[in-house]
Amino acid sequence: MTAEATEEPGSDVLVEVRDLEVHFPIKSGIVFDRTVGHVRAVDGVDLSIRRGETYGLVGESGCGKSTLGKAILNLEPPTAGSVVFDGTDIASLKGEELRRERKRFQMVFQDPLSSLDPRQTVESLLVEGLRAHGLDTDKAATRTRLRELMTAVGLPVAALSKYPHEFSGGQRQRVGIARALSVDPDLIVADEPVSALDVSIQAQVINLLQDLQDDLGLTYLVVAHDLAVVRHISDRIGVMYLGGLVEESAARELYDVPLHPYTRALMSAVPVPDPVVEDAREQILLTGDLPSPANPPTGCRFHTRCPWKQDTLCDTERPQLRVVEVDGASAGHRVACHFAEQVASGEIQPHTVDPVLVTEGFGGPDGPTPPPEAYVGV
Ligand SMILES: Nc1ncnc2c1ncn2[C@@H]1O[C@H](COP(=O)(O)OP(=O)(O)O)[C@@H](O)[C@H]1O
Ligand code: SF4
Ligand SMILES: [Mg+2]
């Protein structure tokens, strides 16, 4: 873990994401593939990940977290914007150069079983990973490396000859982590690394990730839909809503001083063990589902569900992620809300959110008509 993070880009920044967009075309038609719209999975994201830090990315399912993670790893080509990894724009890399650079960023997936070939032993899975990067030339060195990896992730060396189905969920995730570590990366993107695991096992895997970071100086992007998962592991946290970042700050500060109405709603959904605090704290119910990223709301994307929505600006202008002057908020704390200061001071108060028609259609005048039941909040 690093000390308090700031926003200043510099040599300590490992990953710099600028104005990133990843849009997926929506096709229609049997004979002619006609593009009838786009899913704006990632729609204008700016963020920096510093060397050695853990950046936690949270938001509801479908808000674009995995797509952002993949774009950072060069597994999903950006529609616009850039990802600069250690000073190099990854979109400019080709062939051998790309392969060499790829070794430096690895992914740990949510479901370890689906990302591991069930017919291969752990040993062959790990050797395959090494071979893909030309790292298995010396047999003795490979054997030593595999033993080291098993020890590093807390598995017995005998586990090398076993198949994925012979392990528990937590152990399989350890194999997934060993595979990512095998090529000695700088950055690991862990996409919902503990979501498929029992709560009791989650802490063990999170602790393992933290120990490995301390020992190996790794940088992490940890993606989760659950705030509780990223809370303890992250140095900084970014909150994503419908393809964009709505708030970003040091982890502790996000919990102490959540500023964006969406973050406040997410926080109010996390139970607090102290019954007195639990009774006294703010409870904000999020009304309705996440609107479709194929047809996002105008202005602030959260305005259809925001209890603080105002009659001006909210539905017409998309708020920028900006530093705000609010008590307790430091310079690295950014919020995308026109009224963040007034929400924080209590000058504007939350109100009931009316049901809003969410057009599930695919945009454009010739897109399909939304079904009448496409309402949220009723
Ligand atoms: N390959 C793809 N083609 C079309 N749409 C996609 C593709 N991948 C993701 N999406 C859509 O993009 C949006 C964001 O997805 P995703 O990044 O997986 O969100 P999250 O990880 O936050 O749940 C979703 O609406 C999803 O359906
Ligand atoms: S800009 Fe308006 S709608 Fe968006 S979060 Fe702020 S108050 Fe709510
Ligand atoms: Mg995902």
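Residues are numbered from 1 along each chain as its sequence is written, while chains are lettered from A and ligands numbered from 1 in the order in which they are written. In this predicted model local features need pLDDT of at least 70 and side-chain atom pairs count only at pLDDT 80 or more, whereas totals for chains, interfaces and linings use all residues.

Reader: Which element gives the largest share of the shell around ligand 1?

Author: A residue belongs to the surroundings of the ligand if its C-beta atom, placed from the backbone, lies within 6 Å of it, and those residues include Phe 24, Lys 65, Ser 66, Thr 67 and Pro 293. Two or more residues come from each of strand E2 (34-50) and helix H1 (65-72), where helices (H or I, at least four residues) and strands (E, at least two) are DSSP runs, numbered from the N terminus. The largest share, three residues, is that of H1.

Reader: Why is H1 largely enclosed by the rest of the structure?

Author: A residue is buried if 20 or more other C-beta atoms lie within 10 Å of its own, exposed if 12 or fewer, and partly exposed in between, with C-beta atoms placed from the backbone. Among the buried residues of H1 are Lys 65, Leu 68 and Ile 72. H1 is largely enclosed because the buried residues number seven of its eight.

Reader: How many C-beta neighbours inside 10 Å does Glu 123 have?

Author: Glu 123 is found in helix H4 (residues 122-132). Glu 123 counts as partly exposed because its C-beta neighbours inside 10 Å number 16.
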